[in-house]
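Hi,

Here is the structure I promised to pass on. Have a look at it first, then read my notes below.

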Amino acid sequence: MNESVHLSTAGTGAEYAAPDAIVTVKVGAEHSGAQYELFEIDAPRGPASPPHSESWSKAFYVLQGRILVQAGDQGYDLGPGSSISIPAGTVNTFSVLTPSAKFLTISQTGRMGAFFADLATADPAAINEITSRHGVTLAELS
């Protein structure tokens, strides 16, 4: 593993526009030997991404605002200082309950950053191919 110290200051990091948020990479896979990644998520109130599962575990830590995280069959109301961990394979999504919310997401492996990078430049018609390639599965709505 070839790791070195990485500093990410306020306002720095690759930024990706996802359908439901702006995602800023604070610690990328290249900085951790692909063991974990850290993202700052800035999300307005609005439609959530469809329920989905990933092939990696992740955690959220809320900095500002409130979000409702749906994980499996449960909803969790998270405000500043709250965190939640979501195991790989768990169907999940989030909704912003306040005008906006800012939170950190930590994911295992280096796959989440690559997914957001591809998603940011994707043709909407290619979403199914991108999700499949990155180990993301959209949940079937009943």
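**What turned up**

Let's start with T109, which counts as partly exposed because its relative accessibility is 30% (buried is under 20% relative accessible area, exposed is over 50%, and partly exposed is in between, using a 1.4 Å probe and protein chains only). Before we go on, bear in mind that this is a predicted model, where local features need pLDDT of at least 70, side-chain atom pairs count only at pLDDT 80 or more, and totals for chains, interfaces and linings use all residues. Residues are numbered from 1 along each chain as its sequence is written, and side-chain values use heavy atoms, with hydrogens and water left out.

You'll find T109 in the loop between β10 and α1 (helices are DSSP runs of H or I with at least four residues, strands are runs of E with at least two, and both are numbered from the N terminus).

A34 is not a glycine either, and has a positive phi of about 60°. A34 sits in the loop between β2 and β3. With 39% relative accessibility, A34 counts as partly exposed.

**The core**

Which residues have the most contacts inside the largest nonpolar core? They are F60, I67, V69 and F94, in a core of 26 residues. (A nonpolar core is a set of buried Ala, Val, Leu, Ile, Met, Phe, Trp, Tyr and Cys residues joined through side-chain atoms within 4.5 Å.) Two or more residues each come from β2 (21-27), β3 (36-44), β5 (58-64), β6 (67-71), β8 (83-86), β9 (92-96), β10 (100-108) and α1 (111-120). α1 gives the most to this core, with 4 residues.

**Rings**

There are 5 aromatic pairs in the structure. (Rings of Phe, Tyr and Trp, with its six-membered ring, pair if their centres lie within 6.5 Å; planes under 30 degrees apart are stacked, over 60 edge-to-face, and the rest tilted.) One of them joins F60 and F94 edge-to-face, at 6.2 Å centre to centre with 85° between the planes. Since F60 is in strand β5 and F94 in strand β9, this pair ties together parts that are 34 residues apart in sequence.

F94 also pairs with F103: their ring centres are 5.1 Å apart and their planes at 80°, so this pair is edge-to-face. F94 is buried, at 11% relative accessible area, and F103 is buried at 1%. Elsewhere, ring pairs link F39, F115 and F116 into a cluster.

**Pocket and cavity**

The largest pocket has a volume of about 400 Å³. (On a 1 Å grid over the protein atoms alone, a pocket is an open set of points with protein on both sides within 12 Å along at least five of seven lines, while a cavity is a set where a 1.4 Å probe fits but cannot get out; lining residues have an atom within 4 Å of a point. Points are joined across faces, edges and corners, and a volume is the space filled by probe spheres set on them.)

This pocket has 24 lining residues, and S49, H52, F115, F116 and L119 lie nearest its centre. α1 supplies the largest share of the lining, 4 residues. By type, the lining of the pocket has 17 nonpolar, 4 polar and 3 charged residues (nonpolar means Ala, Val, Leu, Ile, Met, Phe, Trp, Tyr, Cys and Pro; charged means Asp, Glu, Lys and Arg; the others, Gly among them, are polar).

How many cavities of 30 Å³ or more does a search of the whole structure find? The search finds 1, and the largest cavity holds about 30 Å³ of space. Its lining is made up of D20, P44, G46, P47, A48, F94, S95 and V96, with β9 giving the most, 3 residues.

**One last spot**

T98 lies in the loop between β9 and β10 and is buried, at 18% relative accessible area. The C-alpha atoms of T98 and R45 are 6.3 Å apart, although 53 residues separate the two along the chain. Not counting residues up to four places away in sequence, T98 touches R45, G65 and R66.

Cheers

Technical notes: Contact means heavy atoms within 4.5 Å.
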